Amino acid sequence: MNASKLLVVAAAMSMSATAFAAGAHGGGHGASSGEPGKASEAGRTITVEMYDNYYEPETIEVKPGETVRFVVENKGNLVHEFNIGTPAMHENHQKEMKMMVEHGVIQGGKLNKQMMDMDMGNGHSMKHDDPNSVLLEPGQSQELVWKFTGKGSIEFACNVPGHYQAGMYGDVNFK
Amino acid sequence: MKTRLLTGFLSLLMPALVLAGEYDLTVDRVNIDTGDFVKEGIGYNGKSPGPVMRFKEGENVKINVTNNLDEMTSIHWHGLILPFDQDGVPGISYPGIKPGETFTYEFPIQQAGTYWFHSHSGFQEPDGAFGAIVIEPEGREPFRYDRDYVVQLTDKHPHSGDRIMRNLKMMPDYYNREQQTVGEFFSDAAENGLMNTLQDRMAWGDMRMMKADVEDVQGFTGMINGMGPDQNWTGLFEPGERIRLRFINSSAMTYFDVRIPGLDMTVVQADGNNVQPVNVDEFRIGVAETYDVIVRPKDAQAYTIFAESMGRSGYARATLAPEEGMEAAVPQLREPARLTMADMGAMHGMDHGSMDMSGAQDMSEMDHSTMQGMDHSGMDQGSMTMSEKGPSDPFYAKGSGIVPTAANGGKFLSYADLKAQDPLYEDREPTREIELSLTGNMERYTWSINGVKYEDADPIRLQYGERVRFKFVNTTMMTHPMHLHGMWSILDAGAGEWNPVKHTISVAPGTTVYMETEVDAPGQWAFHCHLSYHAAAGMFRKVIVEGGPDATQSKAAVATEEGGDA
Amino acid sequence: MSRIRSFVAGSLLGSALLPTAVAAQEMIADTSSRKQPLTSWGVQFEELEYRYSDDDEELGVWSADFFYGTDDLKVRWLTKGEYAIEEQAYEGLENQLVGQVPISDFFDAKAGVRFDTPEGPDRTYAVLGVAGLAPQWFEIDANLYVSEEGDTSAGLDAEYELLLTNYWILSATLDATVAFSEDREIGVGKGLVSTETGLRLSYDLIDRAFSPYVGVVHERKYGDTADLAEAEGGGTEDWFAVIGARIAF
């Protein structure tokens, strides 16, 4: 692994940190992808495997109001995200992920934890700790419990630059 | 690695389910109608470009090629990994295909992606003898799309290849209609001052070099899939669909800057090998390169695919639309590119700061001290911050006049952005380095490697199993797309094990570019600049791979001995 | 990631089972035309024109060359003529056949013979010269001649093209001849013999194959040569209006 040298450009760090605040994706303009669920309410577990650059499975079926426990496993060689949201939310999040790549937080197959924890001023960081998403290095796996509150156009997607556009997304179909 | 070895053994022990396909191609005289002119040329199965050959990874193909011309012909499968005697280069792979004769190619398809094929005889390729190859992978594609189109570019010229070569030998600027004029002198003088402009012209005149020497052969009509700008090839889509566009540059001489105003493009493959997706607004496709991009038009409107030549002397145009007949605006050509002293860098080792006038605005923030022998390590991070400052790309000389910029001010693809999606080879130290100076003399229209033309050159000898690092030092003012047959070219893009695997490496003027090759294919191979008239003028080598398994006995065995336990 | 590497395994096993590889493939020698020096040819009429002088003299004039050969050796036939239309006589008719080899990045050396067969006495010369592109884009052709009579002379042709646009080209030419000994029979005196200066405005109508032009040409004889001309009753200076075309194919 050729760990690319980290280039910290402090001046460029004046990114909108609110975007990284928990649960604030997409500004919540009516369209909603649901809300964080309680593990105890999860009726079933869906395992989602992440490869370079696609998911298996690529569609999941849920009932409105259902809480699902996801086990997300990164089986690829690159950093991938599993993020539940509307297409508009993903589009917004892609800008943030782009900055994370530009600032060396995401480097191909590695996450720079130090960078993620770094205080970027105003108490913000690039932690990427939103409850609707997980960001994993190759080999890692993580759980995410999500309650699908209502119907709507919802996708799970990887917003690492280029991945969504190349087709790393899956459809959430409501029964 | 162990599991992979095991998989290898298993797949060997299991009875092979071998696909086999037989295909026929005829080589014919055809008429090519560009919309601007009709010209007799050469095509396949009665058309130029020829058909799209669709193969499946793992298939054993048999291709019967019948020569209906009254001259020798050949077909080279550009980018395919195959036994050398199937590579289709007369004088290197085989003698060629005689008039009236049918030659049957047989080789296993060991890869997937977008490639192309073309004649390797005389100037048949510029005269129209080329087609596309699309290979479906054994497994799934690592990306999703609803439909795909081949977008095959060419620079069709009203003159035959032989005539162009002869004219270039007689008058090297025969086709250059973007030369600096009296008018440009005065407009430059108004902008940069009379003395500066005079000094600039004198400096170039002293070298007998032209700032306008970006495109040797102008006067072509850019074509996409055999259709000129007015004939407007159209690819249909349903709004919201993802479309995979397989761009292939089959031009004789022309690099194109490609954009689709209104659409973001995600580059997913380069030269047939998947790359980590890169979102771009525009990309430059060198001669013989391929780039696969995914676009997602959401609106029910037409979008123009606009491919502007690097020197801005011409363009190709096509359309993506929900229905036939729809059109979008066709952009204007941008101003012709002008080389700067930086592009002459490797040639004269001048002080790059003092000479260039017209590019002064590009250069204000750049450091000229580190131009030669670029260090690509850590470049992936560096390139991004540099691009925020002004047009800069580690694969162009600093202050170069031909650094591409996106027409909409957005992201222009750089070689530094290309990272292998799934590296084909283990990264390892090269066993040795071979330096190849790309050399030439524009006023004589001679092109060579290390100052020696092919006619006078000894072959480059490689040993099977070694990993060779090639160092290209471009001492000329032109950009050369270097193509090694038979083995992959691992471009040193500063990404270590993620370095992209290509078949054609473009080397800009005044730069040094490295590529590494795992010497895993026995036999003899061609290695040349893919600009037709440069190759014909001598920028060409034979490569002999010594040792290794017999190509006929183990067609599938194409990896290195060391690779197994690497 | 497994594709090539599984072949590795195949290769290892393969090389264990099969006898050690021998390159059974016949490696051919490249005898294709690509391996041969590229041979080229071209024809250029730098001047093919009608001249009308300030004392109503009409001339048909050409200056052309034909080459055939490779980068390393070319054969060049240069032909120049001035045909006086009223007199129906060649005032000048010169043919050169030279071999040409490169001697530097921008210059070639030439050697050969020149035959002058105008109205009046003929001459044959040995020619030694250099031709090429000088800094600042001056096309130079300089030659030394020795005639069969033993007389030596030198000629210098220079040309500069100014691109008004990429199609309208103003070209300036200067031809000068110096003799190192007198050859009275053909009217050449020792010293500077003559100059011909021209200014032509051309337009590239068909590629660079056909470029019509108009221009002015000034011819002047000097010194002893001028005296010889005057003694013969001829003039020493002429102005011409010219119309013609540059042709290349």
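Guide: Strand S29 (residues 523-529) and strand S30 (residues 540-546) of chain B pair in the antiparallel sense over six bridges; helices (H or I, at least four residues) and strands (E, at least two) are DSSP runs, numbered from the N terminus, and two strands pair if DSSP finds at least two bridges between them. Within this pairing, B:Gly523 has B:Val545 in S30(B) as its bridge partner. The model is a predicted one, in which local features need pLDDT of at least 70 and side-chain atom pairs count only at pLDDT 80 or more, while totals for chains, interfaces and linings use all residues. Residues are numbered from 1 along each chain as its sequence is written, and chains are lettered from A and ligands numbered from 1 in the order in which they are written.

Both strands belong to an open sheet of five strands in chain B, whose order is S22-S30-S29-S24-S27 and whose pairing is mixed. At its edges are strand S22 (460-463) and strand S27 (504-507) of chain B, each of which pairs on one side only. On average, neighbouring strands of this sheet are turned by 20 degrees against each other, direction ignored; the axes are lines fitted to C-alpha atoms, for helices over the stretch in contact, and angles run from 0 to 180 degrees between N-to-C directions. In general, strands of a sheet pair through backbone hydrogen bonds, either parallel or antiparallel.

A loop residue makes contact with this part of chain B. B:Ile92 is found in the loop between strand S5 (76-78) and strand S6 (102-108) of chain B, and it touches B:Gln524, B:Trp525, B:Ala526, B:Lys542 and C:Asp30, leaving aside residues up to four places away in sequence. Contact here requires C-beta atoms, placed from the backbone, to lie within 7 Å. B:Ile92 counts as buried because it has 31 C-beta neighbours inside 10 Å; a residue is buried with 20 or more other C-beta atoms within 10 Å of its own, exposed with 12 or fewer, and partly exposed in between. B:Pro126, 34 residues from B:Ile92 in sequence, is 20 Å away from it in space, C-alpha to C-alpha.

Chain B also holds an open sheet of six strands, with the order S21-S20-S23-S28-S25-S26 and mixed pairing. Its edge strands, S21 (446-449) and S26 (501-502), each have a single partner strand, so one side of each is left without a neighbour in the sheet. In this sheet, strand S23 (residues 467-474) and strand S28 (residues 512-518) of chain B pair in the antiparallel sense over seven bridges, and B:Phe470 stands opposite B:Met515 in S28(B).

How values were computed
Two residues are in contact if their C-beta atoms, placed from the backbone, lie within 7 Å.
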